[in-house]
Each structure stands twice: as C-alpha cells, then as structure tokens.
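Please look over the structure below before reading on.

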Amino acid sequence: MIDRDIFFHIEQLVNEEHQILELAAQGGLDDERRSRIKLLEGYLDQCWDLLRQRRARRAAGLDPGDARLHDELTNEYYAQ
C-alpha cells in the first residue's frame, strides 16, 4: 500500500461520512447511522495514524511499508 492509496481510502470514508451527516441534517440519525458514523471516525483515525507512521518512518530513513495499522483502542490512547 502506498500513501496515495491511503489518501484515496480516506477520501471515500470522508465522502460517506458527509453523506450520512447530510441525511442527519434533514431528519436526524437512526441507530444504524450513528453506529456507522462511529465506525467511520475510528477508521479515519486509523488511516491518518498509518499515514503519520509512514511519514515518520520515511523521515527516519526506515521503510514506510513496515508501518502497521493500530487498533482503535491504541489510537484512542494516543489521542489523549
């Protein structure tokens, strides 16, 4: 996977998130959409974290391909 692929995936996730939020503005969110938004937020955090890891590895002269997707709990820990 290369950075461009990760950015493309992020773009898809953001587009889906915006579609759901537009629907919410028109009449609120049902439980299914709330759950999906929560999942999308977690996926987006993971993707951005992966990009940060890849950039850091590249800057340190290491292989960015060795960066790994962290689970959602790890990303929540980093955010605090």
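Predicted model: local features only at pLDDT ≥ 70, side-chain atom pairs only at ≥ 80, totals over all residues.

Residues are numbered from 1 along each chain as its sequence is written, and side-chain values use heavy atoms, with hydrogens and water left out. Helices are DSSP runs of H or I with at least four residues, numbered from the N terminus.

**Nonpolar core**

- The largest nonpolar core has 11 residues. Such a core is a set of buried Ala, Val, Leu, Ile, Met, Phe, Trp, Tyr and Cys residues joined through side-chain atoms within 4.5 Å.
- Its members are Ile6, Ile10, Leu13, Ile20, Ile37, Leu40, Leu44, Cys47, Leu50, Leu51 and Ala67.
- At least two residues of this core come from helix H1 (3-27), and at least two from helix H2 (31-59). H2 gives the most, with 6 residues.
- Beyond its neighbours within four places in sequence, Leu50 is in contact (heavy atoms within 4.5 Å) with Met1, Ile6, Ala67, Arg68 and Leu69.

**Aromatic pair**

- The whole structure has 1 aromatic pair. Rings of Phe, Tyr and Trp (its six-membered ring) pair if their centres lie within 6.5 Å; planes under 30 degrees apart are stacked, over 60 edge-to-face, and the rest tilted.
- Phe7 and Trp48 form this pair, edge-to-face, at 6.0 Å centre to centre and 75 degrees between the planes.
- The pair links distant parts of the chain: Phe7 sits in helix H1 and Trp48 in helix H2, 41 residues apart.
- The cut-offs are under 20% for buried, over 50% for exposed, and partly exposed in between (1.4 Å probe, protein chains only).

**Salt bridges**

- There are 5 salt bridges in the structure. Each one is a side-chain nitrogen of Lys or Arg within 4 Å of a carboxyl oxygen of Asp or Glu.
- Arg54 bridges to Asp3, with the closest N and O atoms 2.4 Å apart. This pair links distant parts of the chain, from Arg54 in helix H2 to Asp3 in helix H1, 51 residues apart.
- Both Arg54 and Asp3 are buried.
- Asp3, Arg54 and Arg58 are linked in a network of salt bridges.
- Asp31 and Arg34 form a salt bridge at 3.0 Å, N to O. Both lie in helix H2, 3 residues apart, or about one turn of the helix.
- Asp31 is exposed, because its relative accessible area is 59%. Arg34 counts as partly exposed, at 45%.
- Arg57 and Asp66 meet in a salt bridge at 3.5 Å, N to O. Arg57 is partly exposed, with 24% relative accessible area. Asp66 is partly exposed as well, at 42%.

- Gln46 lies in helix H2. Gln46 is buried, because its relative accessible area is 12%.
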